[in-house]
Amino acid sequence: MSKRFTGDRPRRFHPLISFVLVSLLTFAMVVGWIPAAVGQLPIPSPTNLTSSNPPAGVERYGAIEVATVNFNGEPLFKVASPTVRDRSNPGNLIPVEERVDEIEANLSRVIEDDVSLSHRGIRAKTNYDLETLQVYASTLNNENVIFVKDKNHPEPLNILTVTQSDAAFYGQPIDEVTEFMQQKISTSLREALKERTRTTLDEQLRRALPIFLGMVIVSLLVFLLQQFLNRRERALREREAAEAAQTGSPPGQTTGKPASEARQLSFQSALRRQFTLKRRRSFVAFLKWLAFWAQLTVWVGGTGLILALFPWTRPLSVQILSIPLNLLLVWFVTGLLIRIGDIALDYLGKFWDESDLFSNGDDHREALRISTTVGALKGLKTFLVYIIGITWALRVFGFPVGSVLAIGGIIAFAISLGFQNVVRDVVNGFLILMEDQYAVGDVVSIGNDSGLVENMNLRITQLRDGEGRLITIPNSAITQVRNLTRTWSRVDFSIEVAYDTDINHALDVIRKVTEQMHNEPEWRDRMIDSPEVLGVDSISHVGMLIRVWIKTKPGQQWAVGREFRRRIRLAFDENGIAIGKPQQDSWVRGDSASNSGSANGREVEETASEDGSKR
């Protein structure tokens, strides 16, 4: 028989504080506690961060540093400068990023708009004329310089000076590097000026309109798909709730009234159907998540494409499609990995459920263990994926990941010294899971607290007691556990009958009640063996103590015990069997038998208490 798997039961995500503490702990264990690994990572000092390392966008190749010149929203070419070790005091050296800024500013002067007022109204045009534009190289002070001029600007505009560092980077003679840069500048400037003409602008508008309409249509289709998925998820949730109601009380919970025979008989099959519905609902939720990302991709990507059509907004599109889009990609991949991990762990739980390799013969116990283990693995998986996502996001922002990990490891190690209880919590939680001391759904007693295990992870255990209070216990504080629903349970019933009761008749009445109850399918399905009437367990002045043991399935001892006590009460009333009562004896003392009725006589009543004393 296949075991019941409840691995997809609703569960809470780990609290934020748990996530932060476990993150610090993992950093400490992975990085901070491995000196050899830390030694291989560069640990930057403040001086290194401000002086030695090049800024973002600058690449260092020994004695030269290289950066990219961007123009009109696109990379143009790279330029080089001698390496500057201390940017706070560069001396006679010019940092390559300053050189790039100067070149980009000179190029922007060529294409910037010239707005003037005439008798025909406001007229806008580019600063330089496309038809008469000239880009040429010349020698100035024994250096190759690239100039730009047109009919409106007879005085040449110095764009850039080609240096020996540029020639060293490209590995070509300086004249060939100058010609290469001159051609790139000439082509890019002419394209940029052409894009700013009225004819090209009309064409760009015609190209942007279909993109916008496509965005609206696709977005509408995705919205309709989301509405369909919402209705589907609502229907599955309702069916799941109905199936949950048909399964009766889950293990570890008690009811005052036994379930009907039909509902009790279909518990296991209904639980399987409920798990199937949960998996289908999880798949629908995954499709909803994909639809959300499709909607986001349509608008972000479409907006970026439209902005990229116009030269004035192209730099903005580059900003949108660089860091923000990369961050969205990190968010998407992180969420995708989490959901794929959930699906993989669910299938792992299903394989564990259906395989006989790990079976111990107790289907109910295996079901609880699978659900708890899969839940803990999902939390660990989520934590690891978040670490990967955070690392990726740091790379997007340009932070040196090795240095961040090194500093994070040292900080985590220092903080973990003050949170040693967290280490004990995690270790003890791992041992509890591996030893299967208890699982979600068990009823346990830990110290002075008892209740249903409602949530459990590597750090804490949460119990729900009979009054509905949620009790949170750190795993390190758990030294002794009394599991009331592990493998099987027992009703330990005892009752004292009056001392003058016919003991054989009383035992026969109790045996008859146990047999009748065991013969009823509704209650036999909750019992593992026939009830044992052990007999007279003790005799006292109160009466005779009769003990009965009823071995039940896990968590059924409370319902079976309540029903058995009710039937015993009715059977004793029907057969005239009295409950035991404390015995009392009285003595009368007088001066003599003859004057026992005189006024001098006195009566003393002495009552024997339970401990044999007199009062």
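**Close-up views of the predicted model**

**Figure 1. Asp 465 and its salt bridge.** Asp 465 counts as buried, at 11% relative accessibility. In this predicted model, the side chain of Asp 465 meets that of Arg 469 in a salt bridge, with 2.7 Å from N to O. Side chains of opposite charge can pair when their charged atoms come close. The structure as a whole holds 18 salt bridges, and the next two views show others.

Figure 2. Glu 233 and Arg 237 are joined through their side chains in a salt bridge of 3.7 Å, N to O. Both residues belong to helix α7, and because they are four residues apart, about one helical turn separates them. Asp 573 is partly exposed, its relative accessible area being 48%.

**Figure 3. A network of salt bridges.** Four residues are shown: Arg 60, Glu 65, Arg 87 and Glu 97. Salt bridges link these residues in a network.

Figure 4. Leu 209, Phe 212, Leu 213, Val 216 and Trp 299 make a nonpolar surface patch of about 450 Å². Helix α7 (residues 198-246) supplies the largest share of this patch, four residues. Leu 209 is one of the patch residues, and its place is in helix α7. For the whole protein, the accessible surface comes to about 34900 Å², and 57% of it belongs to carbon and sulfur atoms.

**Figure 5. Phe 180 in helix α6.** Phe 180 lies in helix α6, which spans residues 174-195. Its relative accessibility is 34%, so Phe 180 counts as partly exposed. Beyond its neighbours within four places in sequence, Phe 180 is in contact with Phe 77 and Tyr 170. Phe 77 and Phe 180 are 103 residues apart along the chain, yet 9.4 Å separates their C-alpha atoms. Across the protein, 64% of the contacts with a separation of 6 or more are between residues 24 or more positions apart.

**Figure 6. Asp 425 and its surroundings.** Asp 425 is part of helix α14 (residues 420-435). At 3% relative accessibility, Asp 425 is under the 20% limit and therefore counts as buried. Setting aside neighbours within four places in sequence, its contacts are Leu 458, Arg 459, Pro 474, Asn 475 and Ser 476. Of the 615 residues of the protein, 38% count as buried.

**Figure 7. A five-stranded open sheet.** The sheet has the strand order β12-β11-β10-β9-β13, with antiparallel pairing. Its edges are β12 (470-474) and β13 (481-483); each has a single partner strand, so one side of each is left without a neighbour in the sheet. From one strand to the next, the twist averages 40°. Strand β9 (residues 443-446) and β13 run antiparallel and are joined by three bridges. Ile 446 stands opposite Val 481, a residue of β13. The protein contains 16 strands in total, along with 17 helices.

**Figure 8. Two loop residues with positive phi.** Most residues other than glycine have a negative phi. Asn 141 is not a glycine, but its phi is positive, at about 55°. Asn 141 lies in the loop between β6 (134-140) and β7 (143-150). With 67% relative accessibility, Asn 141 counts as exposed. Thr 487 also has a positive phi, near 70°. This threonine is found in the loop between β13 and β14 (489-497). Thr 487 is partly exposed, with 35% relative accessible area.

How values were computed:
Residues numbered from 1 in each chain as written. Predicted model: local features only at pLDDT ≥ 70, side-chain atom pairs only at ≥ 80, totals over all residues. Heavy atoms only, no water. Patch = residues over 30% accessible without salt bridge, like charges linked within 9 Å, V, L, I, M, F, W, Y side chains within 5 Å. Areas by Shrake-Rupley, 256 points an atom, 1.4 Å probe, with all protein chains shown as cover. Buried < 20%, exposed > 50% of the residue type's maximum accessible area, 1.4 Å probe, protein only. Contact = heavy atoms within 4.5 Å. Pairing = 2+ DSSP bridges. Axes fitted to C-alpha atoms, helices over the stretch in contact; angles between N-to-C directions.
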